[in-house]
Amino acid sequence: MMLSFAKKLEYCLSFIYLSQLDKIMTTNNIICLEVNELYTDKQFHQYKTTLPSFCFFELTQELQATIDEAKELLLEKGFHELSFQLNSINWFFKLTNRYHHDIKSFIHIGEKSIHFSGQMRPFDDVHFCTPKISINQAKFNQIPIKPIQISQLKEPLAKGLITRIEQLTRQYNEAEDLYYGIEPLLSELQKLDDKSAMDLHLHLDSQLDLLHRQGNELLKKMKNLEEEMLSLSRAILHKVFGISKGDWISYLAVNSTSLVQLQYEHCDIHERILTIRGVGIKKKGELGKREQMISIELMSKE
Amino acid sequence: MNIQKLISQVRAAKKRRLINNFHCSPKGGVDVSDEDFQSLLLLLKDMFKSFKAHKCSIKVSFYGEIYITLIELGHSFELSIANRPLCADIKYADTHLEGNQFLKLNSSNFDNSLTVSFKTLRKTSEWKHYNLSDVELHGRELAELITKEMHQRAKYYSSNDEVLILDQTTKEDMFAAIHLGGAILGKSSMLYHLSKYIRSKIYISKISISENDIIMSDTFDRECNTHFFGDREAKFFSQYLINY
């Protein structure tokens, strides 16, 4: 009982502490990255003088806001990556011991990482880039652990999303029932066709073909519904709990004393159960090796 | 020595400095963003006036390199203005980035600040940098500081400087022009293919570019090749090579 209370207290404290954490942890925001050549087999190869040695950028509040906006857009439109020109990047060349200005720089924002690329005059294409770095690692010295508060599912936005997921789940179940209803029929018809091929002329081929096509359509519908449910689940995680891929999260299930902490890598939904998976976080505050998971039941009504 | 003419030479050389991206040895001169260029010319004008007042001669090369000579002492130095980080930061980044993909820097004053640097024309001499945001000096005062520093250094020199030869096309200039030409004119130009060929060679001992051909020979002159080019390439060379 005492242990359970202590765990819950620690959990609540971490939630209050989170708002102050950003200020404490983002002290060093000048980041230096190595630079790699792109298209090494193409025309740019061996123009070593046109390859910067380091890339420097400052992770300002403004840039952080831009990254956050881009992440929202990625989620909303289902994009894989967003790229645009950014002028505040400095490319340093060891050869000349200075920054070069005749470089067009681009930032590439993914769900959990960013990287930069550049195009030096007079080339027409981007010809070097930096490795990808985790947004959280760039932002924080010690990545904060965001707690999942199940009570947030009672908010109107969450309820709306859950209701939609429930509707889609029903549609999915109906489609699934139909699909598995067709399957035995198909095998029976197949058997009948094999047995009576010489005696009866039932035009079974055309019927079988029709059923196959309808089965495929149902499968396609189920896949689309699954994708829509998954994107709504991601929206719940992002808009309701404020977590996105790469974030460190913790969850204490109701009536449980074991706190689960993991780095959110992917999620899936099945029968209203939202499962978040990722590598577990050790007590030392480092990433472990074992995969952990958090399961949350999504119910629109109490 | 007309100051305005010198400033015009610096301005005219800005376009040609694109060739430096392909040059295997760094060149001095003005390398700042387009936004800073105009205000920097004003600073340079002030500096030139001060150098002139301190009995220095100023020369600007075809590629915009700036050389100041102390007439009385006969020693010259090269001037460079660019955006540079602090040397200590670069050294730290260089040692700590190895094996890591990125590095967070503790430096709070790490910025893209304008730096005026000078170096004597002597073997093994090193650049001395003045970060403009740190020294908080105007052009004239900065030039005075550099002249004073030069006079102090010159006291200890017992040998002559390297000979200052201006506006002579070097082998490296020609290679850089071929690479730049290849990149600008593209695959349809012979320079593109010649650039590739040069990069595949370990060493080329001699190169000359004349009206319509490039002659190259390898080590010990065993192999001598002539590459002919057309009007497009000739026009390009006239823009980027002196005395072409």
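Author: Let's start with a rule: a helix is a DSSP run (H or I) of at least four residues, and a strand is a DSSP run (E) of at least two. Counted this way in this predicted model, chain B has eight helices and ten strands.

Reader: Thanks! What makes S1(A) and S5(B) a pair of strands?

Author: Pairing requires at least two bridges found by DSSP. S1(A) and strand S5 of chain B, residues 102–105, are joined by four bridges, so they pass that test. The two strands run antiparallel, and Cys32(A) sits opposite Leu103(B) of S5(B).

Reader: How do you know that chains A and B touch, and how many residues are involved?

Author: A contact means that two C-beta atoms lie within 7 Å. By that cut-off, 26 residues of chain A are in contact with 30 residues of chain B. Strands S1 (30–34), S5 (90–93) and S6 (98–99) of chain A each give at least two residues to this side of chain A, and S1(A) contributes the largest share, five residues. That side of chain A consists of 14 nonpolar, eight polar and four charged residues.

Reader: Why is the set around Ile165(A) and Ile249(A) called a nonpolar core?

Author: The name applies because its members are buried residues of nonpolar types, joined through C-beta atoms within 7 Å. Buried here means that 20 or more other C-beta atoms lie within 10 Å. The largest such core has 27 residues, and Ile165(A), Ile249(A), Leu274(A) and Leu298(A) touch the most other members. At least two of its residues come from each of several elements of chain A, including helix H4 (156–195), helix H5 (204–240) and strand S15 (273–281). A separate core holds 25 residues, among them Phe92(A), Ile114(A), Phe116(A) and Leu103(B).

Reader: Which residues does Ile249(A) touch, leaving out those up to four places away in sequence?

Author: They are Ile145(A), Lys146(A), Ile148(A), Ile243(A), Leu262(A) and Tyr264(A).

Reader: What makes domain 1 and domain 2 of chain A separate units?

Author: Their bounds come from an automatic or database domain assignment, which divides chain A into domain 1 (29–139) and domain 2 (150–297). The centres of these domains, taken over C-alpha atoms, are 36 Å apart. Eight residues of domain 1 are in contact with eight residues of domain 2 in chain A. On the domain 1 side, helix H2 (61–77) and helix H3 (135–139) of chain A are the elements that give two or more residues. That side has two nonpolar, three polar and three charged residues.

Notes. Residues are numbered from 1 along each chain as its sequence is written. Chains are lettered from A and ligands numbered from 1 in the order in which they are written. This is a predicted model: local features need pLDDT of at least 70, side-chain atom pairs count only at pLDDT 80 or more; totals for chains, interfaces and linings use all residues. A residue is buried if 20 or more other C-beta atoms lie within 10 Å of its own, exposed if 12 or fewer, and partly exposed in between; C-beta atoms are placed from the backbone. Ala, Val, Leu, Ile, Met, Phe, Trp, Tyr, Cys and Pro count as nonpolar, Asp, Glu, Lys and Arg as charged, and the others, Gly among them, as polar.
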